[in-house]
Amino acid sequence: MDQPVSCHPATPQQSTPEQTMTAFTAGLWKQNPVFVMVLGMCPTLAITNSVRNAIAMGLATTFVMASANGFISLIRKLVPKQVRIATYILMIATSVTIVDYLVKAISIPVYKALGAFIPLIVSNCLTLERAESYAGRNPIFKSILDGLGMGLGFTFALTCLGTVREVLGAGTFLGFPLFGPNFEPWVLFLLPPGGFITLAMWLLTFTLWRERAAKRKKAREAAEQIAVEAA
Amino acid sequence: MTGNASQMIRLMAAVSLLCGLLIVGTEINTSARIRHNQEAIMRESVAQLLPGIEKQIIYGIQPSGELVILPNVETPGPRFFAGYDASGKFLDVVIEASERGYADVISAMYRYSPATRTITGFQVIDMKETPGLGNKIGSDAGFLENFKQLDATHPIGTVKHGAKKNPWEIDAISGATISSRAVGRMLQKSVAEITPAVQRNLDRIQRGQ
């Protein structure tokens with residue numbers, strides 16, 4: 001092997017504004033990291049026992065993904081294939097360290113609540129998956145949008161789980177009591193089994209929703225086809 | 001192959017340098033704010049344990065047992081906070097303590113009254129105990145009742161829920177025995193380590209020197 005093999009496509013990909021926008025919106029819904037790709041399960045289950053923690057972790061991950069995707073895309077043409085994973089990990093770890101300092105500077109209680117899960121964003125398979133499959137092959141703007149979209153999709157999913165768990169498990173939303181003093185919290189939902197149960201309920205809900213939407217789309221297309229043939 | 005390897009090494013060195021610079025830059029720009037936040041949380045906890053406090057002095061305990069006034073909360077080593085009201089009258093001291101709990105280390109602060117040699121307040125600063133069970137040590141009214149007049153002249157210990165007979169015993173929370181026992185061990189160790197220096201230097205502390 002005389003020359004290092006780059007992991008990026010030989011020619012830059014040209015994209016339409018719609019394709020660029022798709023890079024952002026895909027992660028929010030169609031390719032939602034939690035409800036569709038089922039990635040990043042460790043923080044999804046561990047820190048969603050309150051809405052505040054879920055939002056903080058989601059935003060921290062969003063920042064890491066957007067900045068790491070940007071860095072990686074910027075140098076993708078220089079990175080030889082053999083060291084690309086090491087380089088990606090280095091850049092993701094740098095973004096995570098910066099987030100670690102920023103969260104500590106913004107709010108110590110949030111930093112304490114998130115505990116070890118901020119450093120563990122490095123090992124979140126979602127960040128490396130987007131670096132390898134998207135940022136290493138696409139221009140910088142699209143890569144940052146992909147990171148933002150995936151991160152916000154991750155935040156949305158974490159907030160969905162956190163809402164159910166906090167409301168049922170503590171009777172509060174963002175720390176504000178929702179029910180009277182006679183409400184007996186369902187503590188199970190704050191414990192690990194509650195995380196699995198809530199995740200299963202959300203996955204079931206989204207799968208049914210997507211299946212129904214697909215069926216409706218299929219029926220609409222069939223109706224249009226019949227109308228065209230009749231005409 | 002040599003060219004390939006040297007290119008990879010150069011690239012990794014450049015990326016590492018860039019990452020290092022970014023991290024150092026962030027550390028420099030956030031360190032003052034982080035210090036400020038940590039100090040604010042600590043001082044807020046002291047104020048909650050000592051209502052009416054207007055001034056506080058942080059005393060460090062040297063290996064010889066001598067007290068030194070510390071400039072800020074960052075200075076490591078055994079220490080305590082002395083609180084004074086608006087007229088300069090000494091209130092009590094607040095002592096930090098920590099102990100391994102069920103999930104991780106529990107950090108807390110407690111109010112110690114040198115005059116009566118009792119613990120008269122307790123507040124958890126940081127813990128990762130089980131939500132709904134172990135984490136009740138920071139909020140359960142019955143458990144916190146233990147620290148209204150806890151005798152510190154005897155070794156403090158935790159007893160099963162409902163079995164408290166003596167003023168130096170802590171009545172555990174049912175279903176959170178490990179966390180309750182950790183609080184007992186924490187206070188026992190901390191009282192043995194810190195309060196002798198407080199009692200020895202009480203005149204000086206009362207004068208705020």
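In the predicted model, the buried residues of helix α6 of chain A pack against α3 (51-74), α4 (84-106) and α7 (140-170) of chain A. Contact requires that the C-beta atoms of two residues, placed from the backbone, lie within 7 Å. Helices (H or I, at least four residues) and strands (E, at least two) are DSSP runs, numbered from the N terminus. This is a predicted model in which local features need pLDDT of at least 70 and side-chain atom pairs count only at pLDDT 80 or more, while totals for chains, interfaces and linings use all residues. Residues are numbered from 1 along each chain as its sequence is written, and chains are lettered from A and ligands numbered from 1 in the order in which they are written.

Helix α6(A) spans residues 125-135, and its buried residues are A:Leu126, A:Thr127, A:Arg130, A:Ala131, A:Tyr134 and A:Ala135 (buried: 20 or more other C-beta atoms within 10 Å of the residue's own, with C-beta atoms placed from the backbone). These residues lie on the same side of α6(A), because they cover an arc of only 135° around the axis, the arc being that of the directions from the helix axis to the C-beta atoms.

In chain B, seven strands form an open antiparallel sheet in the order β2-β1-β3-β4-β5-β6-β7 (strands pair if DSSP finds at least two bridges between them). Strands β2 (67-70) and β7 of chain B are the edge strands, each pairing on one side only. Helix α3 of chain B (residues 177-200) packs on the sheet and touches β1 (55-61), β2, β3 (79-84), β4 (90-100), β5 and β6 of chain B; its direction makes about 135° with that of β4(B).

Seven bridges connect β5(B) (residues 105-113) with β6(B) (residues 118-126) in the antiparallel sense. B:Ala108 faces B:Val124 of β6(B), and B:Ser113 has B:Thr118 as its bridge partner. Four residues lie between the two strands of this hairpin, where B:Arg117 has a positive phi near 55°. On β7(B) (residues 150-151), which runs antiparallel to β6(B), two bridges are made with β6(B); B:Leu150 is the bridge partner of B:Ile119.

How values were computed. Axes are lines fitted to C-alpha atoms, for helices over the stretch in contact, and angles run from 0 to 180 degrees between N-to-C directions. A residue is buried if 20 or more other C-beta atoms lie within 10 Å of its own, exposed if 12 or fewer, and partly exposed in between; C-beta atoms are placed from the backbone.
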